[in-house]
Amino acid sequence: NTVTFIQPSGAPATVSVEPGTSLMRAAVTNGVDGIVGECGGQAMCATCHVYVRPEFAAALPEPSDDEEEMLDCTTAERTELSRLGCQIKACAELDGIVVDVPSEQV
Ligand code: FES
């Protein structure tokens, strides 16, 4: 599976990811800028905030209550496309997913 992270500058980074790996983990492991993942994926820091491109948003499960709460604490503005990267797991349905990295995380 692949995930593409688009930086605020427009520069894309496409990384391969094993099914079940979170987008946060995929970004951190591959040195993608702008995804911090301070809490290690516990939905407790919001530094893995991403904007999921609308064409993929429908394939995502609804945010859990924990994710929902943390999305109100993002540094960059929350939009209807905002999700926590640590709560999105790569899978066949999401192959090729494209997300925008916010301009700031902390
Ligand atoms: Fe902390 Fe996602 S890594 S909320």
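This section describes the central strand, the salt bridges and the nonpolar core of a predicted model. The protein has an average pLDDT of 97, and 100% of its residues score at least 70. For the complex, the predictor reports an ipTM of 0.99 together with a pTM of 0.96.

Strand 3, formed by residues 49-52, is covered on both faces. H49 and Y51 lie on one side and V50 and V52 on the other, and all four are buried. In a regular strand, side chains alternate between the two faces of the sheet. Strand 3 pairs with strand 4 (residues 82-84) in the antiparallel sense, over three bridges. Within that pairing, H49 has L84 of strand 4 as its bridge partner. Strand 3 also pairs with strand 5 (residues 97-100), again in the antiparallel sense, here over two bridges.

A search of the whole structure identified four salt bridges. One of them joins the side chains of R53 and D100, with an N to O distance of 2.6 Å. This pair connects distant parts of the chain, as R53 belongs to the loop between strand 3 and helix 2 (54-57) while D100 belongs to strand 5, 47 residues apart. R53 is partly exposed, with a relative accessible area of 29%. D100 is likewise classed as partly exposed, at 21%.

A further salt bridge is formed by the side chains of E67 and R83, at 2.8 Å from N to O. Because E67 lies in helix 3 (residues 65-71) and R83 in strand 4, the pair ties together parts that are 16 residues apart in sequence. The cut-off for burial is a relative accessible area under 20%. E67, with a relative accessibility of 2%, therefore counts as buried. R83, at 10%, is therefore buried as well.

The side chains of E68 and R78 also meet in a salt bridge, with an N to O distance of 2.8 Å. Here the linked parts of the chain are helix 3, which contains E68, and the loop between helix 3 and strand 4, which contains R78; the two residues are 10 residues apart. E68 is partly exposed, having a relative accessible area of 32%. R78 counts as partly exposed too, with a relative accessibility of 31%. Through salt bridges that share partners, E68, D72 and R78 are joined into one network.

The largest nonpolar core comprises 29 residues. Those with the most contacts inside this core are F5, I35, V52, L84 and I97. At least two residues of the core are supplied by each of strand 1 (2-6), helix 1 (23-29), strand 3, helix 3 and strand 5. Helix 1 provides the largest share, namely four residues.

The surroundings of I35 were examined individually. When residues up to four places away in sequence are not counted, I35 touches F5, M24, A27, V28, T47, C48, H49, V50, V101 and Q105.

Note on methods. Residues numbered from 1 in each chain as written. Predicted model: local features only at pLDDT ≥ 70, side-chain atom pairs only at ≥ 80, totals over all residues. Heavy atoms only, no water. pLDDT = per-residue confidence, 0-100. Buried < 20%, exposed > 50% of the residue type's maximum accessible area, 1.4 Å probe, protein only. Pairing = 2+ DSSP bridges. Core = buried A, V, L, I, M, F, W, Y, C linked by side-chain atoms within 4.5 Å. Contact = heavy atoms within 4.5 Å.
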